[in-house]
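Subject: Structure for your review

Dear colleague,

Please find the structure below, handed over for your study. My notes on what was found in it follow directly after.

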Amino acid sequence: MSKNRPSFISMKLTRTLLLAGIVMLLPISLFAEEKQTIATDRPDFVESSNTVGMGRFQVETSINQETNKVGGSKSSVLTSPTLMRLGFSKTWELRFETDGGVMDEEENTTGTVKEEGFSDISLGFKWHTHDGEAGSISPSVGWLIHTDISSGSSKFRSRGARPSLRGVGEWDLPYDLSLGVMPGVIYDFDQDNQRFIGGIFGLVVGKSWSDNFRTFLEVAGQQLTSKEHGGNVITYDAGAAYLLRSNFQIDTAASIGATDDTPDFSWTIGVSMLY
């Protein structure tokens, strides 16, 4: 048995909009003047410590699907995560982020339930405080403060604002390797709409195979808290990114759940453009 779905969004529309965006961005990237190499916050969980730069605008968009099986119930969640970054100084940027359109499908012994809508939006800032030095133990450092605002569709809307603070340290290592660490904290709501303070932690190792192609392996603690508030959500991630031009990136990644409270599997494919 299926619930009636809202008419303002559909799975096909979400996919069509993303594909249209890729089609529009691709020709722009082929003719855009190259001034700066893009550094994105995707597809890994650990953010970049760098900002986009004064007067620059960057869009990072994607499709993400998450699947999970618990007992006799199966779920699949399709989203369209998008991040927009505007640099208003050399070291500061304004950030607008959302998981975009959401399609949540759950199947169990009684039938299939589908819900569609929009996720909350998040507003924030990134501050790049230190440049890293090659061959030094001194990392490149950035700080991110975000607030998720209760703004989505009723099915996917949080009860109130959810502020978070994250710090990022990045090191350039020998053999074209890199290391990124991101600890953080979030003031969130659990499934019973009770407030709790949760931890965030990510560790990523990257490898640059050429000026255009890189890969990564990662452990992502997206939520670190007690069972009472939803438990630890931890994934093992792997992915790759390729620069078609210095200001245009395509990427993909996959994740598997490391705990019982984590979805079993997710994958993403995305594009990013620096203007």
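Does F88 count as buried, exposed or partly exposed, and why? At 41% relative accessibility, F88 counts as partly exposed, since buried means under 20% relative accessible area, exposed over 50%, and partly exposed in between (1.4 Å probe, protein chains only).

Before going further, please note that this is a predicted model, in which local features need pLDDT of at least 70, side-chain atom pairs count only at pLDDT 80 or more, and totals for chains, interfaces and linings use all residues. Residues are numbered from 1 along each chain as its sequence is written, and side-chain values use heavy atoms, with hydrogens and water left out.

Aromatic rings

A search of the whole structure finds five aromatic pairs. Rings of Phe, Tyr and Trp (its six-membered ring) pair if their centres lie within 6.5 Å; planes under 30 degrees apart count as stacked, over 60 as edge-to-face and the rest as tilted. F88 and F125 form an edge-to-face pair, with 6.2 Å from centre to centre and 85 degrees between the planes. This pair links distant parts of the chain, 37 residues apart: F88 lies in the loop between β3 (82–87) and β4 (92–98), and F125 in strand β7 (residues 121–130). Like the strands named below, these are DSSP runs numbered from the N terminus (helices: H or I, at least four residues; strands: E, at least two). F125 counts as partly exposed because its relative accessibility is 35%. Ring pairs also link F88, W92, F125 and W127 into a cluster.

Charges over rings

A charge sits over a ring if NZ of Lys or CZ of Arg is within 6 Å of the ring centre and within 35 degrees of the ring normal. The charged end of R195 sits over the ring of Y187, 4.3 Å from its centre. The charged end of K207 sits over the ring of W209, 5.1 Å from its centre.

Strands and the whole chain

Two strands pair if DSSP finds at least two bridges between them. Strands β13 (residues 233–245) and β14 (residues 248–257) run antiparallel and are joined by 10 bridges; they form a hairpin with two residues between them. Within this pairing, Y242 stands opposite I250 in β14. Nine bridges join β14 to the antiparallel strand β15 (residues 265–274), where W267 stands opposite A254. Finally, 44% of the 275 residues of the chain count as buried.

With kind regards
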